[in-house]
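Let us walk through this structure step by step.

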Amino acid sequence: MVTIIDYEAGNLASVARALVKIGQQVEITGNPENIVRSQRIVFPGVGAAGSAMASLKKSGMDAAIVEAVRAGIPTLGICLGTQVIMDRSSENDAQCLGIIKGRVLPFPGSMTGDDGARLKIPHMGWNRISILKSHPVFSGIEEDDQFYFVHSYYPEPDDSSSVIAVTEHGISFASVIGDNNLVATQFHPEKSGRAGLRILENFCRWTV
Amino acid sequence: MGNRGLSKRIIPCLDVRDGRTTKGIKFRNNVDIGDPVEMAEIYYEAGADEIVFYDITASHEKRGLMIDVVRRVAETIFIPFSVGGGIRTVDDMRETLLAGAEKVSVNSAAVKNPAIISEGAKRFGSQCVVLGMDVKRVEKRKDVPSGFEIVINGGRTYMGIDAIEWAKKAEDLGAGEICLNSIDADGVRKGYDIELTRLVSESVKIPVIASGGAGEPVHLYDALTRGKADAALIASMVHYGSYTIGGIKEYLNARGVPVRMRW
């Protein structure tokens with residue numbers, strides 16, 4: 001059973017459908033008690049950090065997520081969920097959960113690619129990841145696999161040992177971060193075709 | 001290794017009316033496939049990076065058929081897809097996104113009421129809101145200085161709005177992406193309007209999808225290089241089996257255009 005955290009930040013149905021596709025049972029919850037009792041957590045999200053944090057605080061889920069991760073429950077952050085586990089986001093200058101030390105920063109305003117063309121923001125579309133630290137959740141993922149991103153901000157952990165993979169978009173940024181029982185992707189595995197489903201399968205099998 | 005950074009997206013577009021694709025599409029054994037869900041699955045397996053559904057259902061009462069298609073597509077493919085056509089209100093957007101579409105595209109509804117872009121972006125996030133633009137070449141004049149004018153009703157109604165100005169305004173209002181369709185090039189299969197594509201792409205920071213005119217792989221190459229588009233929409237060149245998505249990607253990859261080659 002995978003518990004998906006519902007905090008009115010969109011995208012839950014896509015994650016749920018992808019998990020069902022790979023044969024998982026899914027529980028979608030906004031109840032802090034269910035979160036701390038869960039076996040496995042997916043923390044998705046699309047939108048802005050400020051309103052996401054406001055919604056998590058209002059329901060008491062902020063403390064529940066921190067407690068669940070500290071208790072060792074395998075947890076997968078996705079996109080905004082990944083940003084919100086950091087200390088603080090430049091988006092709305094939001095105080096976040098502080099599970100991983102570091103900030104969430106915006107892409108610089110004017111970046112150009114190798115051909116001199118202006119790079120678009122949001123970083124939207126398919127891109128590669130370079131895995132720096134082998135990780136069970138990324139087993140079987142190859143260099144040429146690509147993943148679907150949609151974001152204008154990215155996480156920057158203080159401690160580089162929390163960076164599992166990086167991606168290039170004008171700059172090199174942390175596209176997968178994690179510590180112990182926590183792994184978090186800036187891209188959307190649920191929208192990344194076969195390679196994305198593979199990551200979800202790996203996560204569902206992961207024993208910490 | 002080359003190809004660092006974002007890939008250019010190849011996006012097949014399916015026209016849907018009353019829940020069925022409008023033209024029976026000939027695949028492999030010349031079998032007509034009219035079910036948009038089945039077609040989406042075929043293109044997903046064939047390496048599409050995203051899929052666009054364009055709903056040309058005329059009557060509002062039959063909109064539910066498209067919502068049902070969206071719901072079934074969302075259970076079947078695990079790449080982003082967008083829906084355009086019947087989206088006239090923020091409630092239409094909401095219904096379509098809840099059914100499982102990643103993005104919705106607004107076209108004439110946004111020309112008539114630009115606030116739909118800002119309201120949609122505020123409510124669902126910019127990444128969900130695509131501005132569809134239908135554009136025709138005209139004589140340059142005071143209200144259309146670029147010589148590219150916004151049209152609606154399939155090109156029959158000229159709106160007196162400059163395409164470049166409209167693209168910038170939509171970006172300011174919160175559109176997350178632009179799908180740029182040249183009415184002059186559409187259906188002719190002689191290539192995208194490269195000048196238009198480059199002008200719009202250089203005028204905004206958000207991604208631009210080139211649309212209208214693709215007939216062979218070199219047309220995509222031109223749009224994605226000289227045209228500076230971030231993605232290219234294709235229809236008949238894959239629907240009728242003349243080309244495969246994989247073949248088009250091979251062609252682009254061999255010429256140094258970054259594309260997703262594993263799927």
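Helix 2 (residues 63–76) of chain B has 14 residues. From first C-alpha to last, helix 2 of chain B reaches 20 Å, close to the 20 Å expected at 1.5 Å a residue. That expected span is 1.5 Å times one less than the number of residues. Helices (H or I, at least four residues) and strands (E, at least two) are DSSP runs, numbered from the N terminus.

This is a predicted model: local features need pLDDT of at least 70, side-chain atom pairs count only at pLDDT 80 or more, and totals for chains, interfaces and linings use all residues. Residues are numbered from 1 along each chain as its sequence is written, chains are lettered from A and ligands numbered from 1 in the order in which they are written, and side-chain values use heavy atoms, leaving out hydrogens and water.

Which residues of helix 2 of chain B are buried? They are Arg63(B), Met66(B), Ile67(B), Val69(B), Val70(B), Val73(B), Ala74(B) and Thr76(B). Buried means under 20% relative accessible area, exposed over 50%, partly exposed in between (1.4 Å probe, protein chains only). These buried residues pack against helix 1 (12–21) of chain A. Their partners in chain B include strand 5 (51–55) and helix 3 (90–98).

Helix 2 of chain B and helix 3 of chain B pack at about 35 degrees, with axes 8 Å apart. Axes are lines fitted to C-alpha atoms, for helices over the stretch in contact, and angles run from 0 to 180 degrees between N-to-C directions. Arg63(B), Ile67(B) and Val70(B) of helix 2 meet Asp92(B), Glu95(B) and Thr96(B) of helix 3 in this contact (heavy atoms within 4.5 Å).
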